[in-house]
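Welcome, and thanks for taking a look at this one. Please open the model in your viewer and keep it beside you while reading the notes below.

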Amino acid sequence: AIHSLREQEPQEWDAIPSNVLGQLVDSLRTALESVPKSPVVNKDIAIIITRLGPHAKAAVPHLMDLIQDGVPTCIRDAAILALGRIGSDAKEAVNALVAISGAATTTSMCSVRPLGEIGCADSRVRAALLELWQCPTHTLGGFLHIAVALARLKIKTENLIAFLTSNLTKGQDEACRKTAA
């Protein structure tokens with residue numbers, strides 16, 4: 001059942017009545033609370049919640065448990081992305097996402113996009129994103145995610161618009177052009 005739910009596209013969830021979505025989120029939340037299960041099941045649940053987007057706001061506290069140190073990277077990354085897709089209802093995760101963004105891990109870049117999607121542009125988010133923007137060691141994809149978060153949050157910084165425009169119009173990689181758009 002989890003596998004078939006995972007395959008649903010985000011727009012398909014919009015057609016489902018809110019009471020049914022509420023029951024689904026409750027079931028997924030209960031599954032996250034229940035006895036430890038395989039990392040694959042936790043990851044699948046986080047992916048389903050990602051696709052549910054704002055409909056899954058009740059799962060935020062449980063997703064926050066999955067972004068802590070020590071959680072397998074695949075689960076942690078899926079939970080971070082789910083928090084971003086939930087949007088402004090996941091504001092309680094901002095402190096944790098800012099901390100993750102400053103860590104020297106593969107998960108740190110994963111936390112940047114959700115910061116932009118949640119929409120909190122306070123001083124700690126601004127400082128974290130601007131510091132990342134100034135760091136020259138990121139990949140092009142990393143810089144694009146930082147740039148998109150900065151633009152979504154309307155945080156002005158030098159060369160941001162030029163960087164996004166250049167990647168949109170001259171980028172060699174289709175995925176990078178889509179991210180820049």
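Predicted model: local features only at pLDDT ≥ 70, side-chain atom pairs only at ≥ 80, totals over all residues.

A pocket, as the word is used here, is an open set of grid points with protein on both sides within 12 Å along at least five of seven lines, and a volume is the space filled by probe spheres set on the points.

**Overall fold**

**The largest pocket**
- The volume of the largest pocket is about 200 Å³.
- Its lining is made up of Ile47, Thr50, Ala78, Leu81, Arg85, Arg113 and Glu117.
- Two or more lining residues come from each of helix 4 (39-52), helix 6 (73-86) and helix 9 (112-118), and helix 6 gives the largest share, three residues.
- Sorted by class, the lining has three nonpolar, one polar and three charged residues.

**Helix 10 against helix 11**
- Helix 10 (residues 123-134) packs on helix 11 (residues 140-152) at an angle of about 145°, and their axes lie 10 Å apart.
- The crossing of these two helices is left-handed.
- On the helix 10 side, the contact uses Leu129, Leu130, Leu132 and Trp133, which meet Phe143, Ile146, Ala147, Ala149 and Leu150 of helix 11.
- The residues of this contact divide into nine nonpolar, no polar and no charged.

Key
Residues numbered from 1 in each chain as written. Heavy atoms only, no water. Axes fitted to C-alpha atoms, helices over the stretch in contact; angles between N-to-C directions. Helix = DSSP H or I, 4+ residues; strand = E, 2+ residues; numbered from the N terminus. Left-handed = near helix turned anticlockwise from the far one by under 90°. Contact = heavy atoms within 4.5 Å. Nonpolar A, V, L, I, M, F, W, Y, C, P; charged D, E, K, R; others polar. 1 Å grid on protein atoms, 1.4 Å probe; cavity = no way out; pocket = protein on both sides within 12 Å on 5 of 7 lines; lining within 4 Å.
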